Amino acid sequence: MHIWPNGNSYMCCGTDPTKPLGVVDGEHTIKMVWNSDLMKKNRLAMLNNERVPECSKCYEIESLGGTSFRQEANINKGHHVDKIATTMDDGTVPDINMVYMDIRFSNLCNLRCRTCGPELSSRWAQDLPKVIGTHFIKNVSDLSIDFYEQLIEVLPITEHIYFAGGEPLLIDEHYKILQYLIDTNRAKDIELTYNTNFSKLKYKNISVLDLWQHFPRVMVGASLDGYGKQAEYIRKELVWADVESNRKLLKEKCPHVKFFVQVCVSVFNFSTLAETHRHYLESGFIADEVDWNMNMLTDPDYYHVNITSEKYRKEIQQKYIAHVEWLKSTGRNNETCLARWSAMINFLNGGQHHHNLEVFKRVTAGLDKFRHESFADTFPELTFLLE
């Protein structure tokens with residue numbers, strides 16, 4: 001189960017955000033959402049080998065040759081296949097088998113990334129009244145105590161926790177859960193995975209590096225979309241020098257932690273994606289070519305790569321192909337990595353969405369003015385988009 005800071009609950013983080021299974025709030029519990037009408041309907045559909053609309057993102061990734069979260073879950077959590085037998089005729093599953101937990105306790109975040117929004121960033125929520133005259137109101141921070149108590153009941157069976165946010169390394173509940181697992185001698189049994197902006201490794205007086213030393217299986221996915229000034233533009237308030245410093249610190253204090261980069265591929269960075277991957281490798285920022293995940297942005301659609309012309313995307317495809325050849329020539333030919341690049345090459349196919357380009361121009365001009373930034377100065381190779 002995947003729960004957003006506003007209480008909306010989904011099957012996973014890739015599910016269509018307009019189709020929640022239900023809402024976890026003061027009246028509705030995790031147990032109630034676990035067997036909501038939509039969840040029961042989807043269970044039965046999947047058991048009948050029928051596609052469900054909420055999982056369209058996974059189907060799209062698979063059609064492009066990529067490996068979806070659905071497929072990864074089937075591989076990594078396949079040892080729980082026997083639990084399917086507990087599904088009742090109406091789709092009800094009596095016990096909450098939340099072996100994989102993905103909870104966003106709060107939208108608290110220190111950044112306001114271009115490709116994010118107020119639901120997952122408190123800084124964005126503060127900006128909205130000034131930018132478009134409205135503001136994000138709903139936040140689950142006032143429900144965090146009750147919500148945390150519900151999760152404590154599930155933690156004894158949990159095997160894998162995915163922390164995201166907001167920014168998970170700045171959220172109280174994250175540290176409470178880690179300390180609970182350490183105190184109950186479960187740290188060695190749990191796998192931790194993070195989606196973090198990697199800008200802060202210390203919260204109040206707590207160093208997350210000290211806690212991670214108790215957990216033998218930790219994967220840290222840094223949400224970074226480039227390096228230098230381009231990374232700072234896309235993820236507003238990010239300081240690239242701090243990110244580099246944190247990377248060195250992680251290597252020194254927690255060498256067992258698996259570090260990788262999760263790139264949100266959008267119109268901002270897709271033309272320089274190959275250069276970024278090469279820079280990360282040659283600088284030692286990532287250890288191997290496979291420590292690089294590319295998540296293809298589809299929403300908001302005005303940041304989709306298809307606002308650029310087919311001709312331009314064909315040129316970028318050639319850059320990707322050349323990059324793949326460079327990877328092979330240097331012995332960096334991990335099959336998973338090459339498959340991801342193949343999926344990216346396919347992702348650039350398709351027609352141009354002209355109406356989204358006009359929205360992109362308006363939104364970019366407005367944010368640039370408000371934030372005192374310049375898209376043209378930061379991305380000179382893309383200035384044709386503003387014409």
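Biologist: Where is the place of Ile-84?
Modeller: This is a predicted model: local features need pLDDT of at least 70, side-chain atom pairs count only at pLDDT 80 or more, and totals for chains, interfaces and linings use all residues. Residues are numbered from 1 along each chain as its sequence is written, and side-chain values use heavy atoms, leaving out hydrogens and water. Helices (DSSP runs of H or I, at least four residues) and strands (runs of E, at least two) are numbered from the N terminus. Ile-84 sits in the loop between α4 (69-76) and β4 (100-103).

Biologist: How many disulfides does the structure hold?
Modeller: A disulfide needs two cysteine sulfur atoms within 2.5 Å. The closest cysteine sulfur to that of Cys-55 is in Cys-12, 6.1 Å away, so it is too far for a bond. For Cys-116 the closest is in Cys-113, at 5.9 Å, again too far. The number of disulfides is zero.

Biologist: Is Cys-55 buried or exposed?
Modeller: Buried means under 20% relative accessible area, exposed over 50%, and partly exposed in between (1.4 Å probe, protein chains only). Cys-116, at 33%, is partly exposed. Cys-55 has 11% relative accessibility, so this residue counts as buried.

Biologist: How many salt bridges does the count come to?
Modeller: Side chains of opposite charge can pair when their charged atoms come close. The rule asks for a side-chain nitrogen of Lys or Arg within 4 Å of a carboxyl oxygen of Asp or Glu. Arg-114, Lys-236, Asp-368 and Glu-373 are linked in a network of such bridges. By this rule, the number of salt bridges is 20.

Biologist: How many residues apart in sequence are the parts that Glu-275 and Lys-319 tie together?
Modeller: Glu-275 and Lys-319 form a salt bridge, with their closest N and O atoms 2.7 Å apart. Glu-275 belongs to helix α11 (residues 273-282) and Lys-319 to helix α12 (residues 310-329), so the parts they tie together are separated in sequence by 44 residues.
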